[in-house]
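Colleague: I have a model open and would like to learn how to read it. Please take me through it feature by feature.

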Amino acid sequence: MTTPLPSWPPRRTDRRTAAPYAVVPREPADPARTGRRWVRRRARGMTAEAAAAALDVDRFDARQASRFEDLALDERGPAELGEWERIVRLLADAAPGTVYDPDTDDVVRAELAADAAAAAAREAELREAMRIAARADELQALRELHALDQAEPRTGDEAVREELTRRAGGYVQADVDTWLARALATHRGHYQDPAAREAAAGLLTPPVLAHAALLGELLRLVPGVDVDELVFAARLAATEPEAAGDLAAVLTRARPER
């Protein structure tokens, strides 16, 4: 019995796993920083004289390395030499008999504080990326159930829109844009906050903003109209966002004075 060959390309059984989650890249290796840290470990407990002797050795090694092109381009060597020179100057300015202690070195302490802040920022960025990915999964599930309109917009959904677009290979997701425009026009979810609506102007694309503006004015002019009757606003905003925005501005100026 002949075994059937698998179809190609393979079918996607779950659209939510078709694209990997957005991730935050790890901090790249820094040879210069590695070299400075190595020098500090070596220099711990050294007197000014011992550090000066170590500096002489490092200068000799640097001259030897300069003869080889691959070593001359290495970032770690110059960084180690510069750190030895700094430590020697530090001990020369200190009281006689002082030994080097990286724990009390102001430069080292400043670097550690900066590293801690950078690590915290990377951790926060990673948490945000995970939140966006999870929210994108949630909205994608609702889309597959044709129930996206049931979702209440939340803070950060503008970034989720970008994630869904990325997962689609860069193609604009019209249903997501329509959902956001309607929410913005009707002040749903976090768009009840005027600050959130103001921030959306810098987070959403011109077609979405034009759609929201035009939709808001049409809903004002025709009270009680079903938003589904205004689908032409989405088409106009998608093809001519500038014209849609201009029309919304004209309708705004046409409001009767109170």
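Colleague: How many helices and strands does the secondary structure of the protein come to?

Modeller: Helices (H or I, at least four residues) and strands (E, at least two) are DSSP runs, numbered from the N terminus. Here the protein has 11 helices and zero strands. Along the sequence the pattern reads α-α-α-α-α-α-α-α-α-α-α. Before going on, note that this is a predicted model: local features need pLDDT of at least 70, side-chain atom pairs count only at pLDDT 80 or more, and totals for chains, interfaces and linings use all residues. Residues are numbered from 1 along each chain as its sequence is written, and side-chain values use heavy atoms, with hydrogens and water left out.

Colleague: What percentage of the residues in the protein is buried?

Modeller: Buried means under 20% relative accessible area, exposed over 50%, partly exposed in between (1.4 Å probe, protein chains only). Of the 258 residues in the protein, 31% are buried.

Colleague: Which residues of the largest nonpolar core touch the most other members?

Modeller: In soluble globular proteins, nonpolar side chains tend to be buried together. A nonpolar core is a set of buried Ala, Val, Leu, Ile, Met, Phe, Trp, Tyr and Cys residues joined through side-chain atoms within 4.5 Å. The largest one here has 21 residues, and Leu-139, Trp-179, Leu-180, Tyr-191 and Leu-204 touch the most other members. At least two residues of this core come from each of α5 (106-144), α6 (157-167), α7 (174-186), α8 (194-200) and α9 (206-221). The largest share, six residues, is from α7. Another core, of 13 residues, lies apart from it and includes Val-39, Ala-51, Val-88 and Tyr-100.

Colleague: Which residues does Trp-179 touch?

Modeller: Contact means heavy atoms within 4.5 Å. Leaving out residues up to four places away in sequence, Trp-179 touches Arg-135, Leu-139, Leu-148, Asp-149, Ala-151, Glu-152, Pro-153, Asp-157 and Arg-188. For the protein, 70% of the contacts with a separation of 6 or more join residues 24 or more positions apart.

Colleague: At what angle do the axes of α9 and α11 cross?

Modeller: Axes are lines fitted to C-alpha atoms, for helices over the stretch in contact, and angles run from 0 to 180 degrees between N-to-C directions. The axes of α9 and α11 (residues 241-253) come within 8 Å and cross at roughly 30°. Angles under 35 degrees count as roughly parallel, over 145 as roughly antiparallel, 65 to 115 as roughly perpendicular and the rest as oblique. α9 and α11 are therefore roughly parallel.

Colleague: Which classes of residue make the contact of α9 with α11?

Modeller: Ala, Val, Leu, Ile, Met, Phe, Trp, Tyr, Cys and Pro count as nonpolar, Asp, Glu, Lys and Arg as charged, and the others, Gly among them, as polar. This contact has 12 nonpolar, two polar and two charged residues.

Colleague: Where do the axes of α9 and α10 stand, and which residues make the contact?

Modeller: The axes of α9 and α10 (residues 231-239) come within 8 Å and cross at roughly 145°. From α9, the contact uses Pro-207, Ala-210, His-211, Leu-214 and Leu-218, and from α10, Phe-232, Ala-233, Ala-234, Leu-236, Ala-237 and Ala-238. By class, 10 are nonpolar, one is polar and none is charged.

Colleague: Where does His-146 lie?

Modeller: His-146 is in the loop between α5 and α6. Its phi is near 55°, a positive value in a residue other than glycine. His-146 counts as exposed because its relative accessibility is 77%.
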